[in-house]
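The following note sets out points for a colleague who wishes to examine the coordinates alongside the text.

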Amino acid sequence: MIRVQSVAPDSLGAELGLTPGTELLAVNGRALEDFLDWEFLTADDRFVLGARMATGQEVEFDIERPEGLAMGVTLEPPRIRRCGNHCDFCFVDGNPEGLRSPLYIRDDDYRLSFRYGNFATLTNLKPWDAARIVEYRLSPLYVSVHATDLTTRRWLLRNPDAPDIIPQLRWFAERGIAFHAQVVLVPGVNDGPVLERTLGDLYGLGAAVLSVSVVPVALTEFSKRGLVREPTVAECRAALAAVDRIATRALAERQGGGGGPWCYGADDLYLQAGEPLPAAEWYGDFEQRENGVGAVRFLQTRIAAAVDRLPDLAGKRIGVVTGKAMGPLMPQVLADVASTTGGCFELIVVENTLFGSSVTTAGLLPGAAVERALAERRDLDFVLLPAEAVNDDLVFIDDIGADELAARVSLPLHLSYDFADVLGELGTRNAERGTDTPASRSAFPLPRSAFGVGQG
Ligand code: SF4
């Protein structure tokens, strides 16, 4: 059974009388377990829906959906599948006290992998789940592989029952499911020959593996550092060399099929190796940018695409908040925006005071650290904050709301994914009004959904 959270006006759901709290029981006699059943089983134009209304009455609706009319039903959030692994590098175990409660949930959920691109290990799949992935064609899935050597993978996941990943992926591949894979690089464990084997084994699965990323392990001050450590510069370079070898092979052997380099190093891997990032073209469709792969080049591409909409910001000072990871890379991006708009963009690199300085991603910045960084600033016209640092309710990881933060600092704040979103909208608005007004009030767009913070 799944429960309705809200119903859009003028939708089929509203016409049927569905309301918040209505229990959706079955479609065509098949019991509904979660949002996947709901979406796939109600995709047809005709179906029978069994529901328990807010009054307690059970009703069967024989539905013939008029073309173009949406059900308009938002479901209550799903119960997230918990992770049965115990990776030493898990962010959740490395979380300090006092964060939003969902951040203590270790999710390992193939449904969120399909829907949101969260990485899952597939170690907790029951036969019923596997059949469902195939039946609903949940493809592509995002899979944390880490190592294809079974002993190494089980060691990394701290799970003696983790299945052998290559036969598991092959079984799905034979049934039409594709994957994006990631390897979280733990030096001395899954680098060197283990990494070479992992990349070779995944490559051997053929077209079903769409891309592979190699991401250096990130640890917090609360992580179990006795067992894992961050890679050195030399280890990052060696990993990049392994990435390059298989990417060169993929480009030579698969280019005819339209494939790109196939294997990518995360931006952070280049940064830690002290090597330059590849050009934007290297990343194709930027399919793993949410995983920090090609994120910088993606930003630059977005800005270039929005160039006609960007406002004239001559004489304006704009603050850009980011984490330490993007600090060295961001000037490349800001130079593009500054030259297009004429504005003066100041990079404000904020250290993560909650997790410790070793956690450098902007997405985990606490509101309190941003507040401290902006507290004395009176010289900026407005500030762009990383939108990925807040959840759907616009709350930072330390429970400070974006509104609350805006009220505490005396500067207009804007959540932005790629600069082009906020600046482009400002440019369009100014063009309509015939003014060159800067963004004078805080405004917060809705961020994308995000669940969990485990590293894989
Ligand atoms: S890192 Fe991912 S797979 Fe490992 S324990 Fe955490 S949530 Fe589970």
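1. The accessible surface of the protein chain amounts to about 20,000 Å². Carbon and sulfur atoms account for 51% of that surface. These values, like those below, refer to a predicted model.

2. On overall dimensions, the chain contains 14 helices and 14 strands. Its radius of gyration is 24 Å, close to the 23 Å that the globule rule gives for 456 residues, so the chain is as compact as a globular protein of that length. Taken along the principal axes, the box filled by the C-alpha atoms is roughly 65 × 60 × 50 Å.

3. Among contacts between residues at least 6 apart in sequence, 71% join residues at least 24 apart.

4. On charge, the chain carries 43 positive and 63 negative charges.

5. Strand S1, residues 2–7, has two antiparallel partners to be noted. With strand S2 (residues 23–27) it is joined by 2 bridges, and Arg3 stands opposite Glu23 of S2. With strand S6 (residues 73–75) S1 is joined by 3 bridges, again in an antiparallel arrangement; here Val4 stands opposite Leu75. In a regular strand the side chains alternate between the two faces of the sheet.

6. Met53 occupies the loop between strand S4 (46–52) and strand S5 (58–64). Is this residue buried or exposed? Its relative accessibility is 14%, under the 20% limit, so Met53 counts as buried. Leaving out residues up to four places away in sequence, Met53 touches Leu16, Gly17, Leu18, Thr22, Val59 and Phe61. For Leu18, the separation from Met53 is 35 residues in sequence and 7.0 Å between C-alpha atoms.

7. Most residues other than glycine have a negative phi, and most peptide bonds are trans. The peptide bond from Ser139 to Pro140 is cis, with omega near 0 degrees; Pro140 lies in the loop between helix H4 (127–135) and strand S7 (141–144). His146, in the loop between S7 and helix H5 (150–157), has a positive phi, near 65 degrees. Phe286 also has a positive phi, near 55 degrees, and is placed in the loop between helix H9 (267–273) and helix H10 (295–305).

8. How accessible are His146 and Phe286? His146 has a relative accessibility of 0% and therefore counts as buried. Phe286, at 8% relative accessibility, also counts as buried.

9. Strands S8 and S9 form a parallel pair joined by 7 bridges. Within this pairing, His180 stands opposite Ser211 of S9. Strand S9 (residues 209–216) is mostly covered, with 7 of its 8 residues buried.

10. Ala181 belongs to strand S8, residues 179–185. With 1% relative accessibility, Ala181 counts as buried. What does Ala181 touch, once residues up to four places away in sequence are not counted? The list comprises Phe119, Val143, Val145, Leu202, Ser211, Val212, Ser213 and Gln288. Ala181 and Ser144 are 37 residues apart in sequence, while their C-alpha atoms are 5.8 Å apart.

11. Val321 is located in strand S11, residues 317–323. A relative accessible area of 4% places Val321 among the buried residues. Beyond its neighbours within four places in sequence, Val321 is in contact with Ile348, Val350, Leu365, Val370, Leu374, Val383, Leu384, Leu385 and Pro386. The C-alpha atoms of Val321 and Glu371 are separated by 11 Å, and the two residues are 50 residues apart along the chain.

How values were computed:
Residues are numbered from 1 along each chain as its sequence is written. This is a predicted model: local features need pLDDT of at least 70, side-chain atom pairs count only at pLDDT 80 or more; totals for chains, interfaces and linings use all residues. Side-chain values use heavy atoms; hydrogens and water are left out. Two strands pair if DSSP finds at least two bridges between them. Helices (H or I, at least four residues) and strands (E, at least two) are DSSP runs, numbered from the N terminus. The radius of gyration is taken over C-alpha atoms; the globule rule is 2.2 Å times the number of residues to the power 0.38. Contact means heavy atoms within 4.5 Å. Accessible areas come from the Shrake-Rupley method with a 1.4 Å probe; for residues, only the protein chains shown count as cover. Lys and Arg count as positive and Asp and Glu as negative; His and the chain ends are not counted. The place of a charge is taken as NZ of Lys, CZ of Arg, CG of Asp or CD of Glu. Buried means under 20% relative accessible area, exposed over 50%, partly exposed in between (1.4 Å probe, protein chains only).
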